[in-house]
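Dear colleague,

Please find below the structure that I am handing over to you. My notes on what was found in it follow directly after it.

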Amino acid sequence: MTNEERKDAAHKDYELGMKYKDIADKYDVSINTVKSWKQRNEWERGPNKKVVHPKSKKGAHKVEKVAPKIIEEISANDELNNQRKLFCLYYVQRFNATWAYMQAYGVDYRTANVNGPRLLGNASVREQIDKLRNEIANGLFVTADDIAKEYAKQAFADIGDYVEFGGQESAILDEDERELLDDNGNLIKSHRSYVMFKDKAKVDTSLIKTVKMGKDGPVIELYDKQKALDFLVNYVGEKQTLKGQLMQAQIDRLKIQNGDNDPDEDDDDGFLEAIDKSAKDVWSDE
């Protein structure tokens, strides 16, 4: 049987619902080869053929809507049974192994609290979860820098961008709506404070956590500035540490190239200009 004949026969078996592993064994090829044939030739199973999809146990919550590409990815995994596949899908929703195990296996909290983290340590499960996370990340096109920028917006949001507040004085009127005067003939005034929301069309509503009616009137709440600042401190600190290490490595390398075999010595050998240039390169993305 030629390679093309083998491929065509494998295609027919795939349409009939045969698993990757069984096809690979039948035609003496690797599972990855079968997957490659399927992807390059756009194989599809017949509309009435059985396709393995994770099924939820009775009483468990339904899995939230998942992108077709992710379903295809996890359905093609012949190393995991349906419940483990379901566990993976639930896990990438909340990244909580206990909750995911409860939903996939329909067990109580105590059992899930023991078995969930244990299942998360399984190599095949971990590999599948990593693939799903990559699929989700690729679909969202979100990077760590994107997240940091959103936190930066929250950290430096100003409540003054959303409300106008202050105080004003006004004359006190009598029953006949005449201005009252003191003994010296001066107007008697009262001081009143005011708070007014700005129109939503003129502000960045993505930084507002809640708007609600409280006991004393409307309340507007922004996201936690301290939490956002803490994230940025950690994020920037990690980048600064990495850049410091890179700069020191550049300096050590330049010293060695200049003939100094002891990078820890502080001699000025006339290559400070080169070091400055190296430092600028390291910090160029700021």
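**The main core and its helices**

Leaving aside neighbours within four places in sequence, Val125 is in contact with Leu80, Arg84, Phe87, Cys88 and Leu119, where contact means heavy atoms within 4.5 Å. This is a predicted model, in which local features need pLDDT of at least 70 and side-chain atom pairs count only at pLDDT 80 or more, while totals for chains, interfaces and linings use all residues. Residues are numbered from 1 along each chain as its sequence is written, and side-chain values use heavy atoms, with hydrogens and water left out.

Val125 also belongs to the largest nonpolar core, which has 21 residues; together with Phe87, Cys88 and Ile129, Val125 touches the most other members. (A nonpolar core is a set of buried Ala, Val, Leu, Ile, Met, Phe, Trp, Tyr and Cys residues joined through side-chain atoms within 4.5 Å; buried means under 20% relative accessible area, exposed over 50%, and partly exposed in between, with a 1.4 Å probe and protein chains only.) At least two residues of this core come from each of α5 (82-94), α6, α7 (109-120) and α8 (123-140). (Helices are DSSP runs of H or I with at least four residues, numbered from the N terminus.) The largest share, seven residues, is supplied by α5. Another core, of twelve residues, lies apart from it and includes Tyr14, Ala24, Val34 and Trp37.

**Helix α7**

The twelve residues of α7 should span 16 Å at 1.5 Å a residue, which agrees with the 16 Å between its end C-alpha atoms; the expected span is 1.5 Å times one less than the number of residues. Its buried residues are Ala112, Gly116, Leu119 and Leu120. They lie on the same side of α7, because they cover an arc of only 90° around the axis, the arc being that of the directions from the helix axis to the C-beta atoms. The exposed residues Arg110 and Arg118 are carried by the face turned away from that buried side. At the N-terminal end, Asp108 caps α7, with a side-chain oxygen 3.3 Å from the backbone nitrogen of Arg110.

Ala97 counts as buried at 10% relative accessibility. Beyond its neighbours within four places in sequence, Ala97 is in contact with Phe87, Tyr91, Gly116, Pro117 and Leu120. The C-alpha atoms of Ala97 and Leu119 are separated by 8.2 Å, although these residues are 22 residues apart along the chain.

Thr98 is buried too, with a relative accessible area of 10%. On the same terms, Thr98 is in contact with Tyr109, Ala112, Asn113 and Pro117. The side chains of Thr98 and Asn113 are joined by a polar contact of 3.2 Å. (A polar contact is a pair of N or O atoms within 3.5 Å; within protein, one must be able to donate a hydrogen and the other to accept it, and residues adjacent in sequence count only if both atoms are side-chain atoms.)

**Aromatic pairs**

Seven aromatic pairs are found in the whole structure. (Rings of Phe, Tyr and Trp, the last by its six-membered ring, pair if their centres lie within 6.5 Å; planes under 30 degrees apart count as stacked, over 60 as edge-to-face and the rest as tilted.) The pair of Tyr14 and Tyr20 is tilted, because the ring centres are 6.0 Å apart and the planes stand at 35°. The pair of Tyr91 and Phe95 is edge-to-face, with centres 5.6 Å apart and planes at 85°. Tyr91 is buried at 8%, whereas Phe95 is partly exposed at 42%. One aromatic cluster is formed by Phe87, Tyr91, Phe95, Tyr101 and Tyr105.

With kind regards
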